[in-house]
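User: I would like to go through this model and ask, for each label, what value it rests on.

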Amino acid sequence: MEAREKMMNIIIHVVLVLVSITMLVPFLWMILTAFKTVTESTSVDPFVIFPSKWLTTNFETVINNMDFIGLYINTLLLILGRVVAAVLTATLAGYAFARLEFRGKNLMFSLVLFQMMVPGQIFIIPQYLMVSNMGMLNTMFALIFPGLVTAFGTFLLRQAYMGLPRDLEEAARLDGCNIGQTFLFIMAPLTRSSMVALGIFTAVFAYKDLMWPLICNRDLMPLSAALAKMQGQYTNNYPQLMAASLLACIPMIVLYLIFQKQFIEGIATSGGKL
Amino acid sequence: MAKPKKGTSQERNEFIWGWAFILPTMIGLIILNIYPIFKTIYESFFKTGDFGRGNVFIGFQNYITMFKDAEIWQAVINTFKYAIVEVPFSIAISLVLAVLLNRKMFGRSAYRTIFFLPMVAAPAAIAMVWRWLFNAEFGLLNHIFGTSIKWVSDPKIAVFSIAVIGIWSIIGYNMVLFISGLQEIPGDYYEAASIDGATGIKQFFHITIPLLSPTIFFVTITRVIGGLQVFDLIFMVMDRNNPALYKTQSLVYLFYQNSFVENNKGYGSTIVVLLLAIIMIITVFQMIAQKKWVHYN
């Protein structure tokens with residue numbers, strides 16, 4: 001029995017290590033390629049795995065040619081704008097849907113659920129036309145626009161408020177708090193972890209969003225759209241493409257490694273749609 | 001708690017605060033999402049005017065064109081092929097990984113961190129590196145396997161290669177959802193089963209799968225919807241002149257091309273309405289089918 005269990009354990013670890021390698025190889029290949037010359041990267045015989053010299057020229061070239069600093073700033077502003085807007089609006093609405101009784105509530109909440117069931121592409125043409133008619137294409141506002149409110153976040157925060165005990169509000173009311181004060185000082189602080197989860201969820205998906213930035217922006221590009229555009233220009237210079245990809249991925253990966261628990265809970269455990 | 005009587009100040013109070021709280025979300029939702037749904041359906045009955053000339057109402061003409069359009073039907077097939085590979089494989093793999101990781105063991109959180117990593121990488125970057133790995137002449141994959149397969153330019157296999165990227169990208173996410181579902185299964189079930197002599201495999205099929213079925217159902221529904229909306233990977237991996245493009249492009253890809261490259265937003269709207277219909281029909285079928293296999297306690 002002992003020996004069998006040990007054997008099982010080893011097999012499990014072998015499987016997990018093999019999967020880990022599969023997950024890591026693309027990232028490692030991205031790193032290795034980014035430090036090579038084009039000649040090294042396309043050498044077949046011999047096949048070059050490690051660069052003979054770890055060149056940083058690819059990074060210098062893409063940082064200068066693509067204005068990476070600008071891309072980071074655009075991405076950061078896009079993320080901040082969407083996170084602040086989403087957390088703020090969803091917290092307010094989530095509380096009302098969970099804890100207040102008022103006419104029209106059920107109808108409005110069914111609109112929230114309805115939005116979550118529809119494929120997102122159906123919103124895009126009208127959203128584009130709106131931004132275009134406002135004369136706001138190529139602005140930061142355009143990038144943030146579709147993320148100003150969030151049905152998913154509203155649903156998530158509503159769940160969080162529904163899990164809180166009723167007596168808290170009763171006590172606050174007896175102490176003379178009105179609904180706004182009860183919400184702001186008693187209830188909202190208790191859902192902080194759900195707010196963080198929604199914030200991370202929103203940030204990661206804003207960062208990963210590709211189609212909308214491609215459509216609404218030619219000048220103020222975030223990282224995702226800039227990578228797509230770059231691929232069109234430098235089709236076969238893989239060392240440079242990999243350097244740019246690496247630079248685009250690193251900030252989010254570093255944040256993820258620092259705040260793993262919050263990331264995994266925020267993105268996955270809050271359920272969620274993609 | 002007794003409900004306040006009609007017309008009391010408490011009720012009026014909640015009405016005012018309630019609406020004030022939901023107003024920002026509802027205004028945004030109506031402008032950004034609800035109105036666009038109807039607007040898109042409306043647009044699908046128009047031909048987009050060239051160069052600022054107005055749109056022309058053409059009734060069902062876009063739909064008739066679409067149903068005769070071989071490219072659209074090919075895209076429907078491509079989209080289904082992608083989803084039929086991506087969804088079951090990603091779910092099966094991540095389910096096994098979740099079961100393996102759902103115990104006290106050495107390196108548990110390191111494995112979880114690694115498997116989840118693709119979730120926080122930009123899809124554009126992921127697609128680029130996979131395109132490079134798949135490269136027929138200089139790619140790592142052909143070198144390792146000693147093959148010369150045209151992974152993404154052979155029309156017969158390109159869509160499956162894309163699905164491999166999709167699977168690789170999503171298993172960590174599914175796995176985390178499964179792990180949190182597994183943690184809700186009480187340990188006594190497994191103890192009882194062990195005493196009765198049920199082995200690991202038996203336990204997996206007779207305890208884990210049934211008790212996890214609500215989570216499996218949720219993940220399946222969301223993954224099917226996500227898989228049918230595949231765009232980023234195809235857009236980034238497939239060049240405009242790739243010979244396999246025709247056999248790979250998805251419905252959302254054609255939606256993007258028609259709406260924003262060829263600027264025929266009327267036709268683009270028609271395609272997205274088709275996608276909406278397909279997703280709704282499949283979701284309804286899944287909802288009906290769940291009664292047969294999902295166990296809620």
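User: What share of the contacts in chain B with a separation of 6 or more comes from residues 24 or more positions apart?

Analyst: This is a predicted model, and in chain B, among contacts with a separation of 6 or more, 69% are made by residues 24 or more positions apart. Chain B has 12 helices and two strands, and along the sequence these follow the order α-β-β-α-α-α-α-α-α-α-α-α-α-α.

User: What makes chain B more spread out than a compact globule?

Analyst: The globule rule gives 19 Å for 297 residues, whereas the radius of gyration of chain B is 24 Å, well over that value, so chain B is described as more spread out than a compact globule. Its C-alpha atoms fill a box of roughly 80 × 75 × 35 Å along the principal axes, and 41% of the 297 residues are buried.

User: How is chain B divided into domains, and which residues belong to each?

Analyst: Domain 1 of chain B covers 9-57 and domain 2 covers 70-293, and the centres of the two, taken over C-alpha atoms, are separated by 32 Å. Eight residues from domain 1 of chain B and eight residues from domain 2 of chain B take part in the contact. On the side of domain 1, the elements giving two or more residues are α1 (9-43) and β1 (46-47) of chain B, with the largest share, three residues, coming from α1(B). By class, that side of domain 1 has two nonpolar, four polar and two charged residues.

User: Which element gives the most to the side of chain B that touches chain A?

Analyst: In the contact between the chains, 69 residues of chain B meet 74 residues of chain A, and α1(B) gives the most to the chain B side, with 22 residues. That side has 49 nonpolar, 15 polar and five charged residues.

User: Why are α13(A) and α14(A) called roughly antiparallel?

Analyst: Helix α13 (residues 223-233) and helix α14 (residues 238-258) of chain A pack at an angle of about 175°, with their axes 10 Å apart. Angles over 145 degrees count as roughly antiparallel, and α13(A) and α14(A) are therefore given that description. In their contact, A:L223, A:L227, A:M230 and A:Q231 of α13(A) meet A:L241, A:A244, A:S245 and A:A248 of α14(A), and these residues divide into six nonpolar, two polar and no charged.

User: Why is B:A70 called exposed?

Analyst: B:A70, which is found in helix α3 (residues 70-101) of chain B, has 8 other C-beta atoms within 10 Å. A residue with 12 or fewer counts as exposed, so B:A70 is given that label.

User: Why does A:N138 count as partly exposed, while B:N263 counts as exposed?

Analyst: A:N138 has 15 other C-beta atoms within 10 Å, and the partly exposed class lies between the limits of 12 or fewer for exposed and 20 or more for buried, so A:N138 is partly exposed. With 12 C-beta neighbours inside 10 Å, B:N263 meets the limit for exposed. A:N138 is placed in the loop between α6 (124-133) and α7 (140-144) of chain A, and B:N263 lies in the loop between α11 (251-261) and α12 (265-293) of chain B.

User: What makes the phi of A:N138 worth a remark?

Analyst: Most residues other than glycine have a negative phi. A:N138 is not a glycine, yet has a positive phi of about 65°, and B:N263, also a residue other than glycine, has a positive phi near 60°.

Terms used. Residues are numbered from 1 along each chain as its sequence is written. Chains are lettered from A and ligands numbered from 1 in the order in which they are written. This is a predicted model: local features need pLDDT of at least 70, side-chain atom pairs count only at pLDDT 80 or more; totals for chains, interfaces and linings use all residues. Domain bounds come from an automatic or database domain assignment. Two residues are in contact if their C-beta atoms, placed from the backbone, lie within 7 Å. Helices (H or I, at least four residues) and strands (E, at least two) are DSSP runs, numbered from the N terminus. Ala, Val, Leu, Ile, Met, Phe, Trp, Tyr, Cys and Pro count as nonpolar, Asp, Glu, Lys and Arg as charged, and the others, Gly among them, as polar. Axes are lines fitted to C-alpha atoms, for helices over the stretch in contact, and angles run from 0 to 180 degrees between N-to-C directions. Angles under 35 degrees count as roughly parallel, over 145 as roughly antiparallel, 65 to 115 as roughly perpendicular and the rest as oblique. The radius of gyration is taken over C-alpha atoms; the globule rule is 2.2 Å times the number of residues to the power 0.38.
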